[in-house]
Amino acid sequence: MVIKVYVASSTGSLAVKKHQQAVVGFLEANRIDFQEVDITMLEEQRLWMYRNIPRDKQPEKCNPLPPQIFNNDRYCGVRGGDGDYEDFFLSKENNTVFAFLGLSSQPSVKDSES
């Protein structure tokens with residue numbers, strides 16, 4: 001399974017930057033393997049992201065904003081134009097992030113890293 005986090009490296013929105021940093025930072029701190037996909041550099045990736053967010057999760061008045069998380073092709077969530085972002089952090093506080101991401105369990109720490 002591949003977790004993909006869709007981000008925008010060049011954005012004028014401080015809120016988008018903070019949300020992206022928080023998501024990526026959490027995944028890194030918890031040693032969750034993921035791939036960062038920059039939608040500002042690859043038009044086809046941006047369009048793929050837009051097309052694969054379920055209609056009921058898309059904002060009514062604008063395009064979906066990053067960050068967005070997918071597990072392979074399955075949409076996990078994070079940020080719709082209307083503030084879907086809180087779902088990720090609610091799952092973090094409830095200790096259900098692995099279920100939110102569609103992962104079976106927390107990754108194990110290798111002995112060589114000790």
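## Nonpolar cores

The largest nonpolar core has 17 residues, of which Val-5, Val-23, Leu-27, Ile-69, Phe-88 and Leu-101 touch the most other members. A nonpolar core is a set of buried Ala, Val, Leu, Ile, Met, Phe, Trp, Tyr and Cys residues joined through side-chain atoms within 4.5 Å. At least two residues of this core come from each of β1 (3–7), α1 (14–29), β4 (74–78), α3 (86–93) and α4 (97–100); α1 gives the most, with four residues. Helices (H or I, at least four residues) and strands (E, at least two) are DSSP runs, numbered from the N terminus.

Leu-27 touches Val-5, Ile-32, Phe-34 and Leu-101 (heavy atoms within 4.5 Å), not counting residues up to four places away in sequence. Another core, of nine residues, lies apart from the largest one and includes Ala-8, Met-49, Phe-70 and Tyr-75.

## Basis of the model

This is a predicted model, in which local features need pLDDT of at least 70 and side-chain atom pairs count only at pLDDT 80 or more, while totals for chains, interfaces and linings use all residues. Residues are numbered from 1 along each chain as its sequence is written, and side-chain values use heavy atoms, with hydrogens and water left out.

The structure holds one salt bridge (a side-chain nitrogen of Lys or Arg within 4 Å of a carboxyl oxygen of Asp or Glu). Arg-46 forms this bridge with Glu-43, the closest N and O atoms being 2.2 Å apart. The two residues are three apart in helix α2 (residues 43–52), and are therefore separated by about one helical turn.

Gln-68, in strand β3 (residues 68–71), has 0% relative accessibility and so counts as buried (under 20% relative accessible area; exposed is over 50%, partly exposed in between; 1.4 Å probe, protein chains only).
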